[in-house]
Amino acid sequence: MTLRNGCFSWFNPWFIGIALGCFILAAPVGLVFVSVFFPQTEIWQHLYSTVLSDYIVNSIVLAFGVGVLVIVIGTVLAWCIARYEFTGRKQLQWLILLPMAMPAYIIAYTYTGLLDFAGPIQTLLRETFHWQYGDYYFPNIRSLPGAIMMLSLVLYPYVYMLARTAFSEQPSSLEEVSRSLGVSSSKHLFKVVLPLARPAILMGAALAMMEAFADYGTVQYFGVSTFTTGIFRTWFGLGNGIAAAQLAAMLTSFVVLLLILEYLSRRKIRYYFQGQRAQHVNRQKLTGSKAFWVPFVCMVPVIFGFILPVLQLLNWASITYSKQLTSEFWWLLWNSLYLAAIAAFTAVILALLFAYGKRLNHTKPIQFMTAVVTLGYAVPGTVIAIGAVIALSWLDIKINTLTENWLDLSVGLVFSGSLFALILVYSSRFLAVAMHNIDTGLARIKPSMDDAARSLGHKPLQILRNVHVPLMKTSVLSALLLVFVDVLKELPATLILRPFNFNTLAVRTFELASDERLMDAALPALAIVSVGILPVILLTMLMDKPSRHNLQLN
Amino acid sequence: MLSLNNVSVAYQKRDVVQDVTFELGVGQIGCLLGPSGCGKTSLLRAVAGFEKIAKGQIYLRKKLVSASHNHLQPEKRRVAVVFQDYALFPHLTVAQNIAFGLHQQSSAQRLQRVTELLLLVGLPGYESRYPHALSGGQQQRVALARAMAAKPDLLLLDEPFSSLDAELRDELAKELRAILKHEKTTALMVTHDQHEAFAMADVIGVMNKGRLLQWTDAYTLYHRPANRFVATFVGDGVFLSATVDNNIKLNSALGVFPIKTTSGFKQGDKVVFLVRPDDIIHDDESETLAKVVDRSFQGSHILYQLELQHVDQPRVLCLALSHHDHPLGDLIGIRLDLEHMIVFADNGDLV
């Protein structure tokens with residue numbers, strides 16, 4: 001299928017499709033950077049003398065605070081699960097992943113309700129110790145440290161998943177070597193186990209830090225000024241789209257810097273375990289007091305990151321459901337579901353285009369373009385949204401000028417004012433999620449299988465139907481599911497780009513919570529969390545039986 | 001140096017090693033040879049201390065290290081292991097890997113020992129390379145150097161050549177033996193390949209189904225196997241059945257042969273005797289004819305499979321010089337040239 005004749009062999013339908021897709025998906029972020037060439041001196045002087053240092057310092061402290069905390073939580077959990085055998089280990093394996101289902105803005109407002117002056121915790125303290133207002137100090141959750149805690153509680157699974165795989169992939173013979181050489185187990189931990197897992201741990205932390213940079217809901221709700229809240233404020237408060245885009249460009253540069261650091265730390269990982277078989281790790285059976293406190297320690301993040309907030313949400317929802325469960329709620333649910341479904345299909349189709357294009361035409365320009373589009377996951381939703389608004393409103397103005405001149409009619413905001421804008425931003429941001437799954441699936445179909453099928457007399461379309469579709473089915477389904485849930489939870493881009501009078505569960509939850517109607521927000525929040533559990537179940541299933549995939553690979 | 005007394009190893013109450021007894025002297029290279037699943041690796045891991053033993057005792061330097069209720073931790077045994085996959089630490093350089101077990105020495109001493117070992121294993125100048133940049137054979141030598149660095153009392157090697165190309169194996173086996181002998185290391189290795197065992201070991205133990213069947217040198221294994229399993233597992237050959245006649249002679253498809261009167265067989269006994277390919281001589285003058293049913297050209301020789309012209313048409317192997325080129329179906333003359341008879345009672349049991 002590969003055309004190799006002639007010097008323009010790389011110029012074919014695949015190339016054109018991929019170039020077009022890449023241009024459309026990357027245009028918003030590209031425009032954000034172009035904005036740098038239109039200096040907004042006045043507004044920057046104002047920002048510089050007032051809030052800019054807050055934006056920078058708070059964003060960096062938030063990201064690194066989250067980074068450190070998720071490394072601690074995730075690594076400890078991964079170590080316990082990968083290396084110890086204890087009662088409840090099997091259940092904990094998936095319980096630990098549950099906080100992933102919880103968007104940060106939802107956990108943030110739930111804890112605000114829990115820890116408020118009138119909330120159950122403080123009320124209980126006052127009643128037990130007969131305190132009055134002002135008698136005691138209680139930490140304010142609506143602060144930068146509070147935001148770090150909230151984000152870490154829901155983002156630690158990134159580190160946990162990667163570190164767990166890293167720990168269990170280390171062959172047990174490494175530990176046996178250390179033992180036979182008379183090396184103590186603590187030295188083995190610090191000299192071998194942790195250095196080997198370091199790239200995986202840092203990669204997980206980098207993913208969590210990107211989410212922290214991108215977070216809008218939590219910091220906005222807590223009143224912490226960061227880049228993302230600054231972008232909103234500059235645009236909607238000061239009314240300067242270009243300055244907002246410039247702030248967005250600055251934020252993206254921070255993320256790019258983080259990406260580079262992460263890449264540098266990971267450079268060596270691909271050499272590790274080359275030619276070494278992954279072996280079954282013998283987990284140490286815990287006895288005595290350890291058998292009690294290890295499961296206990298593992299439960300702590302689950303309790304605070306999932307069980308407690310869900311109980312609070314259930315409690316609120318049970319009070320308010322009768323007046324909330326109206327046609328408005330069903331509309332919200334329907335809007336969210338079909339929007340997420342369209343976005344998931346679009347992203348997966350694009351991912352298939354890129355993945356197959358890369359496989360069939362492994363040329364430099366195509367490789368480069370696929371690499372560019374998969375960087376979308378690192379760019380905050382706010383940034384892509386700003387870029388999309390600029391690009392699409394320009395396009396709409398041109399179209400309207402054109403139609404008014406030629407046909408004497410105004411078609412309205414066909415791109416920037418419709419769901420198209422949202423779908424574009426979602427595809428751009430979540431394409432990497434879909435690509436990752438599709439690529440994994442495609443890697444299982446070795447090129448020799450295509451050759452084998454063809455030599456056995458199958459035509460390309462038959463190969464697609466008889467070899468690729470059955471082998472790719474699970475990958476495509478999990479890609480669909482993951483993008484679907486990510487879109488359902490997405491907040492900042494949806495806030496910026498949703499068409500007039502169009503609301504989703506995430507937006508409504510945030511609006512209600514911002515209006516201090518915490519109880520009313522519980523029902524849509526619960527709906528989001530319940531859908532969010534689906535990928536957790538999927539991940540658990542995939543983590544439980546990696547051996548089958550390995551068998552197919554080998 | 002190492003001595004095992006009636007050692008049994010069990011996994012989930014199923015014995016994988018049963019009643020193994022042997023001794024390995026200082027500086028000797030021993031080898032456990034057997035098909036996969038025979039328990040040889042479990043026995044090696046028990047010696048290293050990674051597995052506890054169910055019965056018996058293991059002594060190192062006359063000190064008890066393993067018994068059913070007595071288990072010395074592997075880190076205290078001074079037993080080093082070269083693993084099948086080498087288990088090099090991928091994030092450490094060659095020098096750091098080799099020095100990993102030298103934690104009680106000064107850095108100058110460590111440096112000296114690392115340099116010395118790299119020279120010994122033929123990799124001088126490789127100190128700062130990483131394992132992934134080495135070939136399989138080089139990785140093996142680094143793993144060997146790491147294991148020998150702290151001068152262990154005993155070196156264990158688990159299938160040391162299995163991850164290497166066939167052409168490399170012979171060469172490396174010779175080199176490895178030279179290195180071990182140079183360092184006067186006592187070593188015990190495990191393999192399923194008899195050629196490796198012959199090339200490396202002073203003493204070889206053949207194992208099957210968890211039992212040690214024979215513990216002796218290569219020559220004795222080949223020429224005086226203790227039972228039918230050892231005889232078939234070591235070297236090529238076929239068993240021909242025969243009966244003992246009234247003169248206490250063997251009556252077989254290849255003729256009548258005397259056996260030692262001390263063998264204990266009596267008239268009428270059904271027996272089998274071992275015929276190796278080099279025991280059958282191709283001789284055009286001979287009156288005993290056999291039909292060529294299969295042949296494989298091996299350069300200087302051709303290995304023929306021959307069907308004897310006898311009632312039950314038994315088959316034998318014959319190694320003939322390759323200019324004696326006979327097509328399939330030919331009848332060729334052969335004669336038996338047995339230096340000594342290897343005879344077992346024919347009870348159908350291979351072990």
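1. Let's start with one pair of residues: B:Leu156 has B:Leu188 as its bridge partner in β9(B). Strands here are DSSP runs of E with at least two residues, helices are runs of H or I with at least four residues, and both are numbered from the N terminus. Two strands count as paired if DSSP finds at least two bridges between them.

2. Before going on, a word on what you're looking at. This is a predicted model, in which local features need pLDDT of at least 70 and side-chain atom pairs count only at pLDDT 80 or more, while totals for chains, interfaces and linings use all residues. Residues are numbered from 1 along each chain as its sequence is written, and chains are lettered from A and ligands numbered from 1 in the order in which they are written.

3. Now zoom out to the sheet. In chain B, six strands form an open sheet with mixed pairing, in the order β7-β8-β9-β3-β10-β11. At the edges sit β7 (79-82) and β11 (211-216) of chain B, each pairing on one side only. Neighbouring strands are turned by 20 degrees against each other on average, direction ignored. For such angles, axes are lines fitted to C-alpha atoms, for helices over the stretch in contact, and values run from 0 to 180 degrees between N-to-C directions.

4. A helix packs on this sheet too: α4 (residues 136-148) of chain B touches β7 and β8 of chain B, and its direction makes about 175 degrees with that of β7(B). Contact means that the C-beta atoms of two residues, placed from the backbone, lie within 7 Å.

5. A residue is buried if 20 or more other C-beta atoms lie within 10 Å of its own, exposed if 12 or fewer, and partly exposed in between, with C-beta atoms placed from the backbone. Both faces are covered, with B:Ile29, B:Cys31 and B:Leu33 on one side and B:Gly30 and B:Leu32 on the other.

6. What does β3(B) pair with? Five bridges tie β3(B) to β9(B), running parallel, and B:Leu33 has B:Thr191 as its partner there. Four bridges link β3(B) to β10 (residues 203-208) of chain B, again parallel, with B:Gly30 partnered by B:Val203.

7. On one hand, β12 (residues 238-244) of chain B joins β13(B) by three bridges, antiparallel, and B:Val244 stands opposite B:Leu250. These two strands make a hairpin with four residues between them, and B:Ile248 in the turn has a positive phi of about 55 degrees. On the other, β13(B) runs antiparallel to β14 (residues 255-258) of chain B with four bridges, through a hairpin of two residues; here B:Asn251 faces B:Val256.

8. For chain B as a whole, the tally is eight helices and 21 strands. Of its 351 residues, 39% count as buried. The C-alpha atoms fill a box of roughly 75 × 50 × 35 Å, taken along the principal axes.

9. The largest nonpolar core has 256 residues, and A:Val66, A:Ala347, A:Ala351, A:Ala434 and A:Val483 have the most contacts inside it. A nonpolar core is a set of buried Ala, Val, Leu, Ile, Met, Phe, Trp, Tyr and Cys residues joined through C-beta atoms within 7 Å. Leaving aside neighbours within four places in sequence, A:Val66 is in contact with residues including A:Ile148, A:Leu151 and A:Met209.

10. Finally, how do the chains meet? Chain A puts 19 residues in contact with 19 residues of chain B. On the chain A side, α8 (172-180) and α9 (185-214) each supply at least two residues, and the largest share, six residues, comes from α8(A). That side divides into eleven nonpolar, five polar and three charged residues. Here Ala, Val, Leu, Ile, Met, Phe, Trp, Tyr, Cys and Pro count as nonpolar, Asp, Glu, Lys and Arg as charged, and the others, Gly among them, as polar.
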